[in-house]
Amino acid sequence: MVRISILLGLVPLLVSASPVPGPDPAKDQLFFNCLYDGDVPTVLQSSANFGQLASAYNLRLQIKPKVVTIPTSTTHVSNTVKCAKKYGFQVSARGGGHSYSAQGLGGISDKVVIDLQNFHDVKYDSKTQLAEVGGGARLGNIARKLYDQAKRGIPHGTCPAVGMGHPSLGGFGISSRNWGLMVDQIVQVQVVTADGSLKIAKKNYNGDLFWALKGAGPSFGIITKFWFKTYAVPESIVNYSYRFQPGSVAQAVDAFMNIQTFARTAPKELGLGVSLWGSGVNFELSGAYYGKTQAQFNALFQPLLKKLPAPTSTTLDTRGWIDTLLRFAGSGTLSVPETGYNEHTTLYAKSLVTSNKAPIERKGMENFFNYAAQQGPGAANQGLPWFVIINLYGGGNSAITNPALLNESSYGHRDTLWNFQFYTTMSNGFSPAGNTAAINFLSGFDKVVRRSGDFSYVNYADPTYTRSQAQKLYYGKQLTRLSLVKKKWDKNQVFWYPQSIDPAR
Ligand SMILES: Cc1cc2nc3c(=O)[nH]c(=O)nc-3n(C[C@H](O)[C@H](O)[C@H](O)COP(=O)(O)OP(=O)(O)OC[C@H]3O[C@@H](n4cnc5c(N)ncnc54)[C@H](O)[C@@H]3O)c2cc1C
């Protein structure tokens with residue numbers, strides 16, 4: 001029989017292949033033989049294309065997996081998990097590869113990676129109005145295909161190349177206050193569990209697994225297919241952006257406090273974010289409004305604008321669904337290569353999630369804008385470029401905070417007002433000094449605003465958190481139940497990575 005690995009031009013797995021260095025090369029070899037016997041397309045460390053395949057989107061993190069498999073069928077996924085379980089190796093799915101902490105590569109070296117790039121189909125079913133989406137699809141391709149097939153859409157994040165880790169862990173985008181997070185749209189999944197079997201999970205069938213996969217997916221299985229709820233997309237969306245250059249920290253704080261008061265009762269049709277683009281206290285207030293007309297938007301927004309400094313620039317227009325996605329993607333196209341994606345950056349990011357019940361106090365925003373004011377080129381951040389985006393999740397009748405969703409998924413923070421993302425890219429590479437500067441700089445930002453009781457967002461994974469910190473900050477009250485479900489479905493932690501869920505003892 002001709003092996004698939006040979007057909008794909010990958011390094012064939014022969015017993016005679018040179019052993020991969022490791023603490024137990026003999027065990028490694030037995031594992032590779034097991035993959036070979038299971039016909040799994042496999043790329044070894046010694047393969048010519050291993051380096052490209054195994055390099056993280058975030059080049060700050062240098063991780064070398066034990067092996068990468070590139071399945072073309074669910075049987076290959078099952079066989080990889082069965083072999084890993086048999087020989088005691090830990091497994092991670094790689095979707096779009098965009099995890100800030102390279103979790104798609106296992107988060108640390110020497111893990112087994114299942115690259116899902118061949119699972120990229122997107123099909124709309126007009127009878128059920130559901131989208132059937134492969135576990136290795138990317139957001140831009142999903143949006144483009146659903147629109148082209150039926151003018152339908154799903155709420156999700158802005159970057160077209162982000163993959164299915166996004167809905168497995170949450171998934172916020174410009175239409176999320178209106179329709180919910182991407183995770184809230186999952187109605188069924190096909191998943192390979194820790195014993196290597198292929199299962200369906202939905203609310204009334206393997207319901208505990210389904211609940212856990214919706215919010216903590218990577219700790220519970222390899223999702224090979226998602227079924228998502230879809231929406232008829234609006235073609236008249238008001239896109240807005242106002243830029244401000246407050247004359248002082250006090251003016252910036254006043255402005256934010258007014259925005260927060262407004263945001264707490266804002267209708268769900270309004271998507272809103274406050275962003276600082278690395279230039280002191282200058283900020284942008286921008287988003288999209290899913291009401292029908294600019295007149296409606298103006299009626300809603302003018303009372304707020306009257307309380308803010310005069311904007312230094314304004315953009316206000318009405319666009320269709322695809323144009324709106326493109327604007328937020330900052331890109332000319334939503335389409336991304338389905339296989340062979342090979343783009344990278346170098347970054348460090350942190351997040352801070354605040355409760356609807358505890359709006360940020362004036363003092364907190366004074367600390368925040370004071371810190372921002374000090375971060376010019378050559379200042380305390382050592383010249384690292386940075387931005388902060390403060391996205392509105394809650395307030396008013398936001399679909400994200402709908403209390404009816406509380407027990408529908410393991411997503412940790414149903415009660416969120418703001419999600420702060422602190423972000424820096426390392427223009428000075430990933431030298432030890434650059435790394436330390438970036439971590440100290442953003443930790444300082446986070447620290448001046450964070451109160452006890454604030455949380456963090458798992459999709460902006462921060463590898464500096466310890467395992468226990470991460471679980472608590474990402475999952476809050478959901479953690480106890482998650483640990484019980486982990487014990488039932490994966491007590492030996494086949495799906496382990498540095499911030500995965502621990503099984504209950
Ligand atoms: C440029 C950029 C823009 C972003 N914009 C947004 C945004 O607007 N809103 C937002 O909420 N987030 C945003 N994010 C964060 C993004 O949602 C997360 O990084 C997300 O987890 C990436 O998913 P991935 O599949 O691309 O990454 P991967 O690294 O492949 O996966 C991330 C995690 O999910 C797991 N995983 C992936 N696929 C599967 C699967 N099929 N089954 C089981 N587990 C799986 C992986 O094992 C890993 O643990 C952005 C990130 C970047 C880099």
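How many salt bridges does the count come to? The count comes to 22 salt bridges, where a salt bridge is a side-chain nitrogen of Lys or Arg within 4 Å of a carboxyl oxygen of Asp or Glu.

This is a predicted model, in which local features need pLDDT of at least 70 and side-chain atom pairs count only at pLDDT 80 or more, while totals for chains, interfaces and linings use all residues. Residues are numbered from 1 along each chain as its sequence is written, and side-chain values use heavy atoms, with hydrogens and water left out.

**Figure 1. The whole protein.** Let's start with the overall view. The protein has 15 helices and 18 strands; these are DSSP runs (helices: H or I, at least four residues; strands: E, at least two), numbered from the N terminus. Its radius of gyration is 23 Å, close to the 23 Å that the globule rule gives for 505 residues, so the protein is as compact as a globular protein of that length. Here the radius is taken over C-alpha atoms, and the rule is 2.2 Å times the number of residues to the power 0.38. Along the principal axes, the C-alpha atoms fill a box of roughly 75 × 55 × 45 Å. Among contacts with a separation of 6 or more, 75% come from residues 24 or more positions apart, a contact being heavy atoms within 4.5 Å.

**Figure 2. Lys203 and Glu408, a salt bridge between two loops.** The closest N and O atoms of Lys203 and Glu408 are 3.0 Å apart. This pair links distant parts of the chain, 205 residues apart: Lys203 sits in the loop between β9 (198-202) and α8 (207-216), and Glu408 in the loop between β17 (386-392) and β18 (418-425). Lys203 is exposed, with a relative accessible area of 52%, whereas Glu408 is partly exposed at 29% relative accessibility.

Figure 3. Look for the salt bridge from Asp254 to Arg362, with 2.8 Å between the closest N and O atoms. Asp254 belongs to helix α9 (residues 249-263) and Arg362 to helix α12 (residues 362-373), so this pair ties together parts that are 108 residues apart in sequence. Both ends are partly exposed: Asp254 has 36% relative accessibility, and Arg362 has 35%. Arg362 also meets Glu366 in a salt bridge (3.5 Å, N to O). Arg362 and Glu366 are four residues apart in helix α12, which means that about one helical turn separates them. Glu366 is partly exposed, at 25% relative accessibility. Salt bridges that share partners join Asp254, Arg362, Lys363 and Glu366 into one network.

Methods:
Buried means under 20% relative accessible area, exposed over 50%, partly exposed in between (1.4 Å probe, protein chains only).
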